[in-house]
Amino acid sequence: MIWKISMNEISMLGLFLGSLITGSLALLKIKSGVMDVVEWELFSLMGSSIVFTLVLDWISLLFMSFVFVISGSVLSYSGSYMAGDKTFNRFMYLVLAFVLSMSFMVLSPNLISILLGWDGLGLVSYALVIYYQNEKSANAGMLTILSNRVGDVAILLGIGLMSSLGSWNFLFYSYYMDESWMLLKIFLMISAMTKSAQIPFSAWLPAAMAAPTPVSALVHSSTLVTAGVYLMIRFSAALEGSMIQSFLLVISCLTMFMAGLGANFEYDLKKIIALSTLSQLGVMLSILSLGFSDLAFFHLLSHALFKALLFMCAGIIIHSVGGYQDIRFMGNLVKFMPLTVSYMTIANLALCGFPFMAGFYSKDMILEVAFMSWINFIALLLYVMATGLTVMYTFRLIFFSLTGEYNLGSLSNLSDEDFLMTNSMSILGLGAILGGSVLSWMLFPECYMICLSGVMKMMVLMVSILGGLMGYILNFMSVNYLLKSIYNYKSVVMMGSMWFMPLLSTLKLSEKSLNMGFQMEKVADKGWFEFYGGQGLYYLFSQVFFILNSLQLNSIKVFMKMSMVMIIIFMILSM
Amino acid sequence: MSHIVTRVTTHSRKVCSLYKRSLRNLEAWYDRRYMYRYRAVLLRARFDENKDVKDMRVAQQLLDEGEKELFSLIHYQPRQFAYSPGGVAHGREVVPPDWVLDYWHPMEKAAYPEYFARREQRKKEYIEWWEKTYGKPAEPAH
Amino acid sequence: MARLVRLVDTSRRISGLPGVLISRSAGNWNKDWKPGPYPVNPEDRAAVARKYGLRPDEYKPIPDDGLGVGDYPDLPLVTAESRDPYYPWDHPEHRRDFMEPIHAEYDMYGLDRVNASQKLRFSVTQQFLAFMGVMTFFVGTYYLMESRKIHWPLLPKQYPGDGKVHYTFEKPE
């Protein structure tokens, strides 16, 4: 009874407790450097043992702790955000199912048992995207699940390949995979790319914003989309020195750049944040493909903190401006909701890598390490531009929604006095400020040695400042009586719609496959299958039964004919 | 709009529709109110220029050109009202229609005997009222 | 199989409950929905046009290729998504009117499917070429430069001996 009434509070407390436990266990593991592996052997078949494995090392436990703390805050937050909803309990159960499958994903180092969590993530995320029952959500959910399905199939194929090893534990085998395991590496890369929405598959992440905002805060910013990065981190030993690395580098850098550009021309508040998530996923995967998986993990954690916070702020804003997500309907929110705006600014600054916020420690380090290593020029260029673009779209967001002129339809309930929502953001707000430094002290007991010339060292800061200035001033100028973007219509549309990717991966693909299915039905089902299947068998059987019928008439003529035929056959055979 | 023309749309209504859509498009591009107003006044002036064209051929050509220009400058993410068709929150909460209750299984209906008895009564009364007001419905030719 | 069906049927009758549904058709079917034979002479065509609620000059049957479309009219495809959302449709969830003749494959293009009849600002080919162009440019340049990775020197070059010239690059005598 009490569970049904205050489901969100109880689960929040439980999750926070879980976070504390896993977090302290992770601290112990970091200190001792021990990895615990729990294995149940289910059965063994033809020399390959099917085991259910849980791995408890500091990476999985720390990630679990972050998942728990974010989902706890989000559940408490949705107690107010989803309060008017009829099916609040369904929502709660879905989010809890999501946390469960996320834990399966994080804790399993085994390709079969990871599929359990991996598929669970896809399924629950589909159910959460179609939580609102309009056509927009249904279409977005379809796009989400079908894009993710590609990755699921890739993992299944990987399982098939790995069965020749006798075990699916990639945590151990990844150290011994040479070039002959290229196909498996490609499959795992594809599955990571779909989950983390890298370029050919990136249309689903902005589309998935049809989900309720708490879901976006938990699922589509901090946890689910980083599952691909997590898989690659676990698998990073096998990537070392293979062709995959360079390919993943260019794809992730392009994703970063494309998302940064797209966010600069996007108008939907949630989609801007989703594109910024996409850009940060690109950062994680690119530094991973340069060979620094610990940095990718560090950025994954600190990014989870401030991106969830950013989405939660966006949720409060959307709630109080009355369902609108378009930033053109917002403006001057700083006068009405100072607390939310300050949280949002904290999260934004952390995202931009403002010194000593959470993002600074991870992003700055990633960029400096990338500058320091032997790197392709295009990748470097995309890095620098994407960093500038990040600051640029952040300032554009601030310009449009937080400052500027009041642009709203009505003055109704514009306030941040919903304490359930604002209180649940406080932990993440603290995390967005302190998370980076704490994590960097924790994860890197020995410092990374950064050795760069003065210009390169200042490059990140300069590019960020330049991007911020450009973002603010360009918006100031481009919001003008003579709009510049109309004169560059084609390129603006191309950048604003993510290089036409959403349309290509929805309309083009589904129209083609629908038409193909229609033709197949026409030619096969109604055509040849009918001709040889239904009608053909009918004809055949009617002929056969006609003959059999005549046998049953006991006619002497038929028997004589048959005996004549027999005699002739015997004569031919005996000759 | 279906392919079957069931309504006659006058020329002036088409022009008004074009004007409104152009205004909405401008609103999507020029998001600050005063800039939008400036552009809107200019747009109105362009429409007013040709308001006295009496020759329908010229007017039709002007309309076609206007449609073409609007299409070439259509915004890639138009401003949509949240609860209107095309908006983000449109149709989020589905209200099941009333006739769903008629398709309940008799066992399910039996759980609420009073309600369904009254419901049947009301339906009968409605049909009576309808036939008294509008007469018996004609049998459709099958 | 027959025994199973009979069992289910009996159980349904005894308990009075819907029982276990083991098989049902996916949808209702009505003989009125079956199209008639392909019309040949003009009188037939006029009659068929009246049956589908079309004017005789509007009516044009789908060409008979022996796959059983019969006399169904060949109507232009206007998908649900490109229809006016503000028009008071009789079936707003499908955006169609009662007794309205629709395209033969209309169920393929509902609100939750593709909008195949929309007028795109840029055609799909243009969009595809633009996307592939950008991708090819970046990926191609990336792989061209893959053999020439860059790296900033962290310190000036160090040679043994301070200021001593090791290689003068002059012709050996």
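Which helices of chain A do the buried residues of H10(A) pack against? They pack against helix H3 (58–81), helix H4 (88–107), helix H5 (111–129), helix H9 (204–207), helix H14 (269–289) and helix H15 (293–320) of chain A. Before going further, some ground rules. This is a predicted model, in which local features need pLDDT of at least 70, side-chain atom pairs count only at pLDDT 80 or more, and totals for chains, interfaces and linings use all residues. Residues are numbered from 1 along each chain as its sequence is written, while chains are lettered from A and ligands numbered from 1 in the order in which they are written.

Helix H10 spans residues 213–223 of chain A and is mostly covered. Of its 11 residues, 11 are buried. A residue is buried if 20 or more other C-beta atoms lie within 10 Å of its own, exposed if 12 or fewer, and partly exposed in between, with C-beta atoms placed from the backbone. Among the buried residues of H10(A) are A:Thr213, A:Pro214, A:His220 and A:Thr223. Helices (H or I, at least four residues) and strands (E, at least two) are DSSP runs, numbered from the N terminus.

Now step back to chain A as a whole. Chain A has 25 helices and 2 strands. Its C-alpha trace spans about 105 × 60 × 60 Å along the principal axes. Of the 575 residues in chain A, 51% are buried. Contacts tell of sequence distance too. Two residues are in contact if their C-beta atoms, placed from the backbone, lie within 7 Å. Among contacts in chain A between residues at least 6 apart in sequence, 82% join residues at least 24 apart.

One stretch of chain A carries a record. An unreviewed UniProt entry gives residues 46–92 of chain A the annotation "domain: NADH-Ubiquinone oxidoreductase (complex I) chain 5 N-terminal". UniProt positions are given in the numbering used here, feature names are shortened, and annotations may be inferred rather than shown by experiment. In the model, this span is 62% helix and 19% strand. The C-alpha atoms at its ends lie 43 Å apart.

Next comes a helix pair. Two packed helices are described by the angle between their axes and the distance between the axes. In chain A, helix H16 (residues 338–352) and helix H18 (residues 377–402) pack at an angle of about 165 degrees, their axes 9 Å apart. Axes are lines fitted to C-alpha atoms, for helices over the stretch in contact, and angles run from 0 to 180 degrees between N-to-C directions. H16(A) and H18(A) are therefore roughly antiparallel to each other, a label for angles over 145 degrees; those under 35 count as roughly parallel, 65 to 115 as roughly perpendicular and the rest as oblique.

Which residues meet between H16(A) and H18(A)? From H16(A) come A:Val341, A:Met344, A:Asn348, A:Leu351 and A:Cys352. From H18(A) come A:Thr390, A:Val391, A:Thr394, A:Ile398 and A:Leu402. The residues of this contact divide into 7 nonpolar, 3 polar and no charged. Ala, Val, Leu, Ile, Met, Phe, Trp, Tyr, Cys and Pro count as nonpolar, Asp, Glu, Lys and Arg as charged, and the others, Gly among them, as polar.

Further along chain A, look at the loop between helix H23 (489–496) and helix H24 (501–551), where A:Trp499 is found. Phi of A:Trp499 is near 55 degrees, a positive value in a residue other than glycine. A:Phe500 is found in the loop between H23 and H24 as well. Phi of A:Phe500 is near 65 degrees, again positive in a residue other than glycine. Are these residues buried or exposed? A:Trp499 counts as buried, with 23 C-beta neighbours inside 10 Å. A:Phe500 is buried, with 23 other C-beta atoms within 10 Å.

Turn to chain B. B:Ala28 is found in helix H1 (residues 11–29) of chain B. B:Ala28 is partly exposed, because 19 other C-beta atoms lie within 10 Å. Leaving aside neighbours within four places in sequence, B:Ala28 is in contact with B:His75, B:Pro78 and B:Arg79. The C-alpha atoms of B:Ala28 and B:Tyr76 are separated by 9.1 Å, though these residues are 48 residues apart along the chain.

Chain C has 3 helices and 0 strands. Of its 173 residues, 11% count as buried. UniProt lists residues 128–145 of chain C as "transmembrane region", in an unreviewed entry. That span is 94% helix, and its end C-alpha atoms lie 25 Å apart. Chain C also touches chain A: 26 residues of chain C are in contact with 31 residues of chain A. The chain C side has 17 nonpolar, 4 polar and 5 charged residues.
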